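Have the structure open as you read.

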Amino acid sequence: MGMMASEYFSPVLAGAGVIDYFIDSNFAGKLVIFVLVFLNCWAIAIMLSKFFDLKKIRQANARDEKRINQLRSMADYDDANFAGQGSPYLQVCSRAMAAARVGARDGKVRMNYVENAISRAVTEFEDRYEKNMYWLATIVSGAPFLGLLGTVWGVMDAFGTMDAGGATIEHLAPGVSGALLTTVTALCVAIPIVFIYNGLSGFTRAEMTKLENFASNLADRIELETSS
């Protein structure tokens, strides 16, 4: 029985390829595949942009943290000395010192002003760190469903075109293979992206943690220097 089935299916499947499956798919299947290809290209652009942006931010933070730590006192901080740099660390420091000077009373710094300024700055930069990660998560979760939609639609279409005489493997195989191609395409899009997305998420969380630690250390340093 197995031998007979193999002999029956082999002429139908012989020579079939991805291009043939795409040609055999219905309009909905072709549309889904084009959407998936577009989403894949978009995801690649987002991932590359995000990686290089985070790498640039990390290098700038490391550079400016070293320069800030070399200051004898935070009172010596001046934006003019760091013109053109603009790392998150530097901008958090700039806002903190601006708040410290504006909120000073009788020569004493009001730390609630400083801490609020630091908190607002950190929140803004955390949003920058996470920029476009939402779209990657959407593509990862949505691509398999698009593939499933294309497959179900294609199989439904293949069975819907059966004549009253019944279906044969020669009649159904092209439509079904074209329908299944959408699921394969969706998985090929989603699987690599989910690994890269997790890696970028870890990279992002690590940089956010460093930013929060820097902000906390900065607030402690300002308080210690102004209270002494």
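At what angle do helix H4 and helix H5 pack, and how far apart are their axes? In this predicted model, helix H4 (residues 88–102) and helix H5 (residues 111–129) pack at an angle of about 155°, and their axes are 8 Å apart. Since angles over 145 degrees count as roughly antiparallel, H4 is roughly antiparallel to H5.

## The chain as a whole

Let's step back for the overall picture. The protein chain has seven helices and zero strands, so from the N terminus on its elements read α-α-α-α-α-α-α. Of the 228 residues in the protein chain, 35% are buried.

The contacts can also be sorted by sequence separation. Taking contacts in the protein chain between residues at least 6 apart in sequence, 79% join residues at least 24 apart.

## H4 against H5

Back to the opening pair. The crossing of H4 and H5 is right-handed. On the H4 side, the contact is made by Pro88, Gln91, Val92, Arg95, Ala96, Ala99 and Ala100. H5 contributes Tyr113, Val114, Ala117, Ile118, Ala121, Val122, Glu124, Phe125, Arg128 and Tyr129. Sorted by class, the contact of H4 with H5 has 13 nonpolar, one polar and three charged residues.

Ala100 is found in helix H4 and, at 5% relative accessibility, counts as buried because the cut-off is under 20%. Not counting residues up to four places away in sequence, Ala100 touches Val109 and Val114. Ala100 and Thr226 are 126 residues apart in sequence, yet their C-alpha atoms are 9.6 Å apart in space.

## H3 against H4

How do H3 and H4 pack, in angle and axis distance? Here the angle is about 45° and the axes are 7 Å apart, which makes H3 oblique to H4. From H3, the residues Ile57, Asn61, Asp64, Glu65 and Ile68 meet Pro88, Tyr89, Leu90 and Cys93 in H4. By class, this contact of H3 with H4 has six nonpolar, one polar and two charged residues.

Asn61 lies in helix H3 and has a relative accessibility of 2%, so Asn61 counts as buried. Leaving aside its neighbours within four places in sequence, Asn61 is in contact with Ser87, Pro88, Tyr89, Tyr129 and Glu207.

Ser87 is found in the loop between helix H3 (27–69) and H4. Apart from neighbours within four places in sequence, Ser87 is in contact with Ala60, Asn61, Arg63 and Asp64.

Ser87 and Phe125 are 38 residues apart in sequence, and 10.0 Å apart in space from C-alpha to C-alpha.

## Two residues of H7

Now for helix H7. Thr182 lies in helix H7 (residues 169–227) and counts as buried, because its relative accessibility is 0%.

Cys188 and Ala143 are 45 residues apart in sequence and 9.4 Å apart in space, C-alpha to C-alpha.

Methods: Residues are numbered from 1 along each chain as its sequence is written. This is a predicted model: local features need pLDDT of at least 70, side-chain atom pairs count only at pLDDT 80 or more; totals for chains, interfaces and linings use all residues. Side-chain values use heavy atoms; hydrogens and water are left out. Axes are lines fitted to C-alpha atoms, for helices over the stretch in contact, and angles run from 0 to 180 degrees between N-to-C directions. Helices (H or I, at least four residues) and strands (E, at least two) are DSSP runs, numbered from the N terminus. Angles under 35 degrees count as roughly parallel, over 145 as roughly antiparallel, 65 to 115 as roughly perpendicular and the rest as oblique. A crossing is left-handed if the near helix is turned anticlockwise from the far one by less than a right angle, and right-handed if clockwise. Contact means heavy atoms within 4.5 Å. Ala, Val, Leu, Ile, Met, Phe, Trp, Tyr, Cys and Pro count as nonpolar, Asp, Glu, Lys and Arg as charged, and the others, Gly among them, as polar. Buried means under 20% relative accessible area, exposed over 50%, partly exposed in between (1.4 Å probe, protein chains only).
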